[in-house]
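This report walks through one protein model, residue by residue and then as a whole. Keep the structure open while reading.

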Amino acid sequence: MPEYFGRYGGQYVGEVLKPALVDLASAFAECRKDKKFLAEYKDLLTHYAGRPTPLLYAENLTRALGSAKIYIKLEGLANTGAHKINNALGQALLAKKMGKTAVIAETGAGQHGVAVAAACARLGLRCEIFMGAVDAARQQPNVFLIKQYGAAVNIVNDGTKTLKDAVNACLKRWSACYADAHYLIGSALGPYPYPDMVKFFQGVIGRELKQQIFQRERRLPDVLIACCGGGSNAIGMFAPFLKNKKTRLIAVEAGGAGNKPGQHASRICRNSPAGIIEGYKSRFVQTADGQAQPTRSISAGLDYIGIGPELAALADSGRIEFTLAKDAEVLRAYRCLARTEGLLFALESAHAAAAALKIIPQLPKNKIAVINMSGRGDKDIFITAPALYKKEWLEFLRQETERLCG
Ligand SMILES: *Cc1c(COP(=O)(O)O)cnc(C)c1O
């Protein structure tokens, strides 16, 4: 069945939502072949998102590690600061073609919410972002940004008041409003056709990379490394290389603070079992009785319990190798890249960098490796600053509080 990837995937939603997903799948099947749609999408990517994003030869890091030649794909230079805009623009444009006037979306850390709100502002669509109350409190800067783009923020007070509750609230709302509204999912997961659709829109990362590296090196790269939450930047980077078995594909999960339940967000490396949650079958960080298990990661964008079904299948088949990076290694990699290359990696992307710092020194000199910098790290200042300079940061917050309350 086309909606399955090996034993994962599917469309596990109530009868009310089936027609919405059937409509969406057929609209997507048409648009992906439609020259006019593709030209409009490309135009947005070029003039609004700022693509193609550069492929940087990381000369200093290459010299420091003394092994394979390292390139870095700078997705973080795209408008709104990460790869998420590629998917947000693609789906928002599709929604418009389908005659929808509004978009709803869930967000956890808030980065997907920011990208969707921006895309909707640009395309003239009404936008409502669902966010768990706990997440909204933790991620005020992103709540603020979402509002700046004119979107409404709908605070969800159900359950644990985090991402999964926002997803459920969104699905429930969508059942009532899909005639006018599109549900814009933020990673390569959810019920079919979302995993395929998100892969298609994020595939621009890999398509550009293939061209850029071929222009510079006249050959394909040997190793690609990307961080993996739901898996959209990883599958987007890997997509055009999946058939070429000579290119090693490495996805990096959040190792968090340790191996115990509740300390990490690893589905593959920590052997999380298969299950059906939020409309699709995949591997989920869960308790023995199938409840969502709390996760932990220094990066807000890699702590989701699920992984895209195609990525889970490619892990089973061995085509994608999985590894993980622990919080402490991630912070070290973040500092290393800032100092050696002048690049401020998002903490999510710094997982890919941390794995690269371990893997690349073991490669022969004639190899070529590419790291995906899925986002830039400005957004993480509220995490990185207190982690690295706690005393100074606390003093700054104290002064600011005093000034505002003063
Ligand atoms: C959201 C996010 C991720 C994780 O999502 P994927 O779907 O796994 O790509 C990674 N990097 C950045 C910068 C993000 O904002």
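Arginine 335 is a place to start: this residue sits in helix H12, which covers residues 327-341. The model is a predicted one. With a relative accessible area of 33%, arginine 335 is partly exposed. Beyond its neighbours within four places in sequence, arginine 335 is in contact with Leu388 and Tyr389. Glycine 50 is 285 residues away from arginine 335 in sequence, and the C-alpha to C-alpha distance between them is 26 Å.

**Two residues in loops**

Proline 191 belongs to the loop between S8 and H9. Is proline 191 buried or exposed? Its relative accessible area is 3%, so proline 191 is buried; the cut-off is under 20%. Not counting residues up to four places away in sequence, proline 191 touches Gly10, Gln11, Val13 and Leu21, and also Ile185, Glu278, Gly279 and Tyr280. Glutamate 341 lies 150 residues from proline 191 along the chain, with 40 Å between the two C-alpha atoms.

Glutamine 293 is in the loop between strand S12 (280-283) and helix H11 (309-317). At 16% relative accessibility, glutamine 293 also falls under the 20% cut-off and therefore counts as buried. Leaving out residues up to four places away in sequence, glutamine 293 touches Pro261, Gly262, Val285, Gln286, Thr287 and Ile305.

**Backbone geometry**

Two cis peptide bonds come next. One runs from arginine 51 to proline 52, with omega near 0°. Proline 52 is found in the loop between H2 and strand S3 (55-57). Another cis bond joins tyrosine 192 and proline 193, and its omega is about 10°. Proline 193 lies in the loop between strand S8 (181-183) and H9. Proline 191 is in the loop between S8 and H9 too.

Positive phi values are the next topic. Threonine 80 is not a glycine, yet its phi is positive, at about 75°. Arginine 218, also a residue other than glycine, has a positive phi near 60°. Where do these residues sit? Threonine 80 is in the loop between strand S4 (69-74) and helix H4 (84-97). Arginine 218 is in the loop between H9 and strand S9 (223-227). Threonine 80 has a relative accessible area of 27% and is partly exposed. Arginine 218 counts as exposed, because its relative accessibility is 58% and the cut-off is over 50%.

The table gathers the accessibility values.

| Residue | Relative accessible area | Class |
|---|---|---|
| Proline 191 | 3% | buried |
| Glutamine 293 | 16% | buried |
| Threonine 80 | 27% | partly exposed |
| Arginine 335 | 33% | partly exposed |
| Arginine 218 | 58% | exposed |

The protein is divided into domain 1 (4-46 + 83-198) and domain 2 (50-81 + 202-386). Their C-alpha centres lie 23 Å apart. In the contact, domain 1 takes part with 36 residues and domain 2 with 38 residues.

Which domains supply the lining of the second largest pocket? Domain 1 and domain 2 each give at least three residues. The pocket holds about 300 Å³ of space. Its lining consists of Leu38, Tyr41, Lys42, Leu45, Thr46, Arg51, Pro52, Phe200, Val204, Arg207, Glu208 and Gln211. Arg51 and Pro52, the pair joined by a cis peptide bond, are thus among the lining residues. Helix H2 (35-49) and helix H9 (194-217) each contribute at least two residues to this lining. By type, the lining residues are six nonpolar, two polar and four charged.

**The whole protein**

The protein has 15 helices and 14 strands. Its radius of gyration is 20 Å, close to the 22 Å that the globule rule gives for 406 residues, so the protein is as compact as a globular protein of that length. The C-alpha trace spans about 60 × 55 × 50 Å along its principal axes. Of the 406 residues, 57% are buried. Among contacts with a separation of 6 or more, 74% are between residues 24 or more positions apart.

Note on methods:
Residues numbered from 1 in each chain as written. Predicted model: local features only at pLDDT ≥ 70, side-chain atom pairs only at ≥ 80, totals over all residues. Heavy atoms only, no water. 1 Å grid on protein atoms, 1.4 Å probe; cavity = no way out; pocket = protein on both sides within 12 Å on 5 of 7 lines; lining within 4 Å. Points joined across faces, edges and corners; volume = space filled by probe spheres on them. Helix = DSSP H or I, 4+ residues; strand = E, 2+ residues; numbered from the N terminus. Nonpolar A, V, L, I, M, F, W, Y, C, P; charged D, E, K, R; others polar. Domains from an automatic or database assignment. Rg over C-alpha atoms; globule rule 2.2 N^0.38 Å. Buried < 20%, exposed > 50% of the residue type's maximum accessible area, 1.4 Å probe, protein only. Contact = heavy atoms within 4.5 Å.
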